[in-house]
Amino acid sequence: MSTTVHPRQNETADAPQTDRPVVVCLAGNPNVGKSSLFNALTGESRETAHCAGVTVEACSACTRWRERPLEIVDLPGSYALDGLSGDQLEARRALLERRPDVVVAVVDATNLARSLYLPLQLLDLGYRVIVALNLSDEARRRGRMPDVEALSRDLGVPVVATVAPRGVGVAELEDAILQVAAGGGLGETLGTPLPPAVEQRVEEVALRIAARSDAGLLPPGDLNPRAAALAVLEGDADVTRAVGLSDDGFLTHADEALALEISRARHTETKALAAAAKMNGSPADRWWHLTTAPRTGIPIMIAVIAGIFATLFIVGDLLSQVLEAAWAAWISPLVTSAVTGIFGEGPLGKIVLWGVDGGIIATLAVGIPYILTFYFILAFVEDTGYMNAAAFLSDRIMHRFGLHGRAVIPLIAAGGCNVPAIIATRSLGNTRERTIAAVLATLVPCSARTAVIIGAVAGVAGWQYAILTYAVLTVVIILAGLGLNRFIPGDKGILIMEMFPFRRPVLRQVARKTWMRFREFVWDAAPIIVLGSMALGVLYEMGWIWRLGVVLGPIVEGWLMLPMVAGLTLVFAVLRKELALQLLLVFAAMEAGGAVMNIASFMTTSQIVTYAIVNAIYIPCVATIAVLGREVGWRRTAYISAGTIVLALIVGGIIARVLLPFS
Amino acid sequence: MTVRTENAEEYLEAIFKLQHSGGTVTVKRLAAELGLTSPSVSEMVHRLRAAGLVERRGRRGRGRGIRLTEAGLAEGAALVRRHRLSERFLVDYLDMPWDVVHEEACKLEHALSPEVEARLAEQLGNPLTCPHGHAIPGEDGSLPDERLQALTDLRPGDAAVIGCIAEEEGDLLRYLASLGLLPDTPIAVESVAPFNGPLLVRVGDAQYALGREVTDRIMVRH
């Protein structure tokens, strides 16, 4: 054997070693990607030839690595080498015949407890083993990647994490092969520790075999005496015959029971090794436990949701202001001059402007800052695996609404924007669940409605009234959920989900997910927003809006006790809910024929609260309606829209009367 | 002996199962089990009583218990035995998936003669449980007195082995099988969500959140 220790030195090493190829056997459980690894080692892109003269039915190919020839032998997949099944027998015979320099044990990184038996047995038989932890990407994805260093230390052999189909770890594996073939890389390889009584008998048999080998009865496949003794005691007939122990009376009836003892000891060791290599108590595991235990999980959930919205409002608001300013400064003048150039400055031109100028900025000002940002945050949180914990904790509450835990995700999302929320209801089980979740999502105040509540209610009337507004909306959502669950027929959803521990989100995947969803929003919603804007443009430019006031009068002034202009702004706020507040000032000024600086000058506190609540509940905005139509059907969308208007009128009317004495 | 209809046999089977799950068998429980209304159940119970297969126990009134007589018990046990043997046959010999065999066995159980039943049991190697883990009554109608507990009733930190799974819902069975939640699988409860929420369970290396509507259907033993 060579004296070279490190494979990299082989490049400059002397030629003689290159004559005989390093024989490498690939052993492994079925379905762990052994063949993929074989292909990765000997693949078409590599210099490969089929080797002749192989009698055993095992696929074999020659390749080169760092100027050294390697012969890779693919053994049949098996869980062990001791059974009498065809594959195990064949794998064992191939090993004995080929006398490999190195055996690569390909194991399933996602299931060490089952797959370490084979490498242990190979070590017991005295082979120089390298463990290839295949499927390591899958193990990482599930957060169950074993501790490679611990496993390598405990087994005393090199352990290489591989992802065979993508060639990950293959070069490292080949380096390890050369290193081990050259006699390096191995630690103290103990194999399976046996109970003392068994070990004693193994030694007796080994001594006998050693004595016989002097007489020319050599164990096959260069097995050392102890390995041969183990093979004999585990019932390997080939080896027993070769060492002349078949019928000389040395083996007794009691020895037959030892096979089971040895196998049991190996299973025990396998489990112990797998447990030792488990990345237990990793920070991810501890966090995971904290997020699912009720006492710590609920505060964490509240903090995560608060964090999501804080980020959304800060980033969204910033982007929104930048975009609107940029649009007003550079693009709007261009669009305006282009449109007035084509359609003239008359009503037609103005109507078109409502659509292409107002409509597009409406899409952009909500779409990019809030929806895109929210999609990004949501995709990020989803990819950490946290959402499962939230679903787990909230399942019971969601049940009251006829939903299950997973519905909490769309409902959280709705607080940012109803559009992604409604798209997210797709992940729910049946139509009933989707409908309930979609209705509840439209009732959750999104960032635009929050802007009105914060701007008008908290800003003008006081924060305690803003809290009151949110409380009223929460009660409305809860009652709506209970009511829908009661009256919509059909089966309730059931919760079964696999829980993965935390993982680090991959930015590229998060970005891709964000973009896919955002594109869907732009395609669906933009045309409807533009058309809706133009329709309102018609109402406004033709002066019909004031006539609408006559129709709405009894409802707005009589029932909701709001000023007429406030009712009119609600009509326009269907485009963008936060528009309500801006328009309120504009319309009030138009009606008053002069500047109005503050809503407080023409609305009382109770009117402001009523206004914000009605704005939050009545009919979702056009972007939401557009998505809703596609997700739950246009008929249901019509029902939902009509239902929310009625709900808004009922709640608004009650609130107006309850608050009257306080204003 | 009166002529027994399939309908009456369904009743005997249902009463047998309820009687073994513990508690008093009432018309109300029986109606829920069979998916029928209480009046029609009362009517049939009356007829079975006339045939000497069931008897009523306890005070008069709504909560009065229904019990199988010795003859009824033997009949019920034989039906359940044929049902569960048929399921085993469908799964073991015909390789049918475990989520569809309950329906099929409901039809087969009425068609098996005692002789076919005996041969079937022998061919199958006298199995002790159906594919869903429910015990098969012996030829003498005896059931092992094994105390099973609903998975729902375990507390965090408890470990158990899945005993049997309610077989009526095919979709659920299919899903559970795909996750490896099968009879004789060790299972441990890691955490329970608040307000009687779902259970976080560990099976092998995997963790699952299972809602109450699922854990109520999984019976475990220690």
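Strand S8 (residues 496-499) of chain A pairs with S7(B) in the antiparallel sense over four bridges; pairing requires at least two DSSP bridges between the strands. Within S7(B), Gln207(B) is the bridge partner of Met499(A). Strands (E, at least two residues) and helices (H or I, at least four) are DSSP runs numbered from the N terminus.

The model is predicted: local features need pLDDT of at least 70, side-chain atom pairs count only at pLDDT 80 or more, and totals for chains, interfaces and linings use all residues. Residues are numbered from 1 along each chain as its sequence is written, while chains are lettered from A and ligands numbered from 1 in the order in which they are written.

In total, 19 residues of chain B are in contact with 20 residues of chain A, contact being C-beta atoms, placed from the backbone, within 7 Å. On the chain B side, strand S7 (206-210) and helix H8 (212-215) give two or more residues, and S7(B) has the largest share, five residues. The classes on that side are tabulated below.

| Class | Members | Chain B side |
|---|---|---|
| nonpolar | Ala, Val, Leu, Ile, Met, Phe, Trp, Tyr, Cys, Pro | 12 residues |
| polar | the others, Gly among them | five residues |
| charged | Asp, Glu, Lys, Arg | two residues |

Helix H7 (residues 170-178) of chain B has the buried residues Leu172(B), Leu173(B) and Leu176(B). Seen down the axis of H7(B), they fall within an arc of 100°, so they line one face of the helix; the arc is that of the directions from the helix axis to the C-beta atoms. These buried residues pack against strand S4 (159-165) and H8 of chain B. The face turned away carries the exposed residues Asp171(B) and Ser178(B). Buried means 20 or more other C-beta atoms, placed from the backbone, within 10 Å of a residue's own, and exposed means 12 or fewer. Gly180(B), with a positive phi near 80°, follows H7(B).

Methods. Contact = placed C-beta atoms within 7 Å.
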